[in-house]
2 protein chains.
Amino acid sequence: MTTTKRTSLISKATIDRLPLYFRTLRLVQDEGIDVISSDELGRRLGITPEQIRKDLASFGQFGKKGVGYYVNELKHNVGGILGLDNHWNIAVIGIGHLGAALANYQNFVSLGFNLVALFDQDPKVIGTVQNHVKVEDVRELAQIVRERHVDIGIIAVPAAFAQEVADQLVTAGVKGIWNFAPIKMQVPDSMHIVNEDLSIGLSRLSYYITRR
Amino acid sequence: MTTTKRTSLISKATIDRLPLYFRTLRLVQDEGIDVISSDELGRRLGITPEQIRKDLASFGQFGKKGVGYYVNELKHNVGGILGLDNHWNIAVIGIGHLGAALANYQNFVSLGFNLVALFDQDPKVIGTVQNHVKVEDVRELAQIVRERHVDIGIIAVPAAFAQEVADQLVTAGVKGIWNFAPIKMQVPDSMHIVNEDLSIGLSRLSYYITRR
C-alpha cells in the first residue's frame, strides 16, 4: 500500500499524531464501535476533522464518504504505518527517577512495545525489579542487548554518560535510540535517534500563557 | 515588535524549536561567542540554516546579512517570545517516579522556571524533599497554590485522579496546566493546557526504524 518513497514525504507533525489515532481507535474498538466519523474522532482527540482526514489521506484510502472509518481496519493500518506490529524490544538504560518512570509507563505496553531489559551502574539499583524486569549491570549491556534482541535503547542516564551508552548500543546493534539526555549525540548516519526534551512542552505552555 | 495577532500565526513546530534555540544560544554565550551564523546554529542544533532563518524571521528582524545573529539580543528576544522572562512558578502534583523526575529536571531551572511546590497524597511521600522543595499534602493544594502564586501546575498523578487535580488547579487560579496523565481533560476554554504523551517519541522512532 504505502511505499518508502511515499511515506518519507509525511510530515513529522502527522507522524506525531498517528500514535494518538492508534490509541483512540483501540479505545473506540474496546467500546464495541465498528465505524467512526472523522467528526467523532476529532471530538475525542481535540483535533479538527479536516486535519484527521488530511493526515490519513497521506497514507491511503481508509474511510468511506458518508460512512466513516472502519475502526479495526484503520487501527490496523495506522499501527502498521508506525511499525507497532513489529512489537519492538526495548531496554532502558539508567534507572533513576526518569528511567523508572519510563520502565513503568503503561502506554508503551499498550502500543505493543516489549520491555526486555533495564540497566544501571549503581550496585544498589542493580538487581532491583521494575515492571517485572530485573535491573542488570550496565557493564553487561552489549551482551544482554544481543541476547535479548533489543531493538530500541532508551537512554535515561546523566548527560556525562550518555554518549558512552549510545556508543555501546550502536556497537551492540540496536536499530534506534531514544535519548533523554540533553546532549547532541554522535551516532552513525545509519542509526535512527529521537532526542526527547521534556522542557519543550513546558516552554510551549509558557508561550501560550504569556499571550493569553 | 511582535503583536499577539502576528505571533498567533506561528506554527506549533516553530514554537517547539524556540526552546532549543534559547538553550543553544545560552550555551554559545557561555562560550564567549557574540555573533553566530545560521549555519553554525544549524550545525549545533541539527536543523537546516534555512529553517532557522525562516523560524526567526516570523518574529522579526534579528540577524544581519553576512554577519549573523547577535547572540545576546537573539537569546533575549527568543526568551521573551517564549515568555521565559516571566520566570513562572511551577508546581508538580504526584511525586511518583515521573513527578520526581520532573521535580529534579535541571533544564526547567535553566529555562527560568521556579519550582515552588510539590504535592502528593501518600503519607510516606508527604514531607520528603525533592530538589530542595518539600512535598505537601495534596489536600492543601488550593491554599498553597494561591499562597505561592503558582502559575503552572504539572499533573503527574495516575489517570484516575488527574481530572480532580485539574479542577482544583483551575479553581486555585493557575494560568496553565501541563498534563502527563493519559486522559483528555475537561477544562474551561480560557485555561491553557498542554498534554504530554511520552509514547509519541517512541512511536516516531518505531516509524523510522520500520522504514530504514
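Me: Which residues line the second largest cavity?

Reply: As a general idea, a probe the size of a water molecule, rolled over the atoms, shows where empty space is left. In this predicted model, the second largest cavity is lined by B:Ile90, B:Leu102, B:Ala103, B:Tyr105, B:Phe108, B:Val109, B:Phe113, B:Leu115 and B:Asn131. Helix H6 (97–103) and helix H7 (106–110) of chain B are the elements that give two or more residues to this lining. The second largest cavity holds about 40 Å³ of space, and its lining divides into 8 nonpolar, 1 polar and no charged residues.

Me: What is the volume of the largest cavity, and which residues line it?

Reply: The volume of the largest cavity is about 50 Å³. Its lining consists of A:Ile90, A:Val92, A:Leu102, A:Ala103, A:Tyr105, A:Phe108, A:Val109, A:Phe113, A:Leu115 and A:Asn131.

Me: How much area do chain A and chain B bury between them?

Reply: The size of an interface is often given as the accessible area lost when the parts come together. Here chain A and chain B bury about 5,600 Å², with 65% of it on carbon and sulfur atoms. On the side of chain A, A:Leu198, A:Leu202 and A:Tyr207 lose the most area to chain B, together 13% of what that side buries.

Me: How many salt bridges does the rule find across this interface?

Reply: There are 4 salt bridges between chain A and chain B. One of them joins A:Arg23 to B:Asp197, with the closest N and O atoms 2.7 Å apart.

Methods: Residues numbered from 1 in each chain as written. Chains lettered and ligands numbered in written order. Predicted model: local features only at pLDDT ≥ 70, side-chain atom pairs only at ≥ 80, totals over all residues. Heavy atoms only, no water. Buried area = accessible area lost by both parts, 1.4 Å probe. Salt bridge = Lys/Arg side-chain N within 4 Å of Asp/Glu carboxyl O. 1 Å grid on protein atoms, 1.4 Å probe; cavity = no way out; pocket = protein on both sides within 12 Å on 5 of 7 lines; lining within 4 Å. Points joined across faces, edges and corners; volume = space filled by probe spheres on them. Helix = DSSP H or I, 4+ residues; strand = E, 2+ residues; numbered from the N terminus. Nonpolar A, V, L, I, M, F, W, Y, C, P; charged D, E, K, R; others polar.
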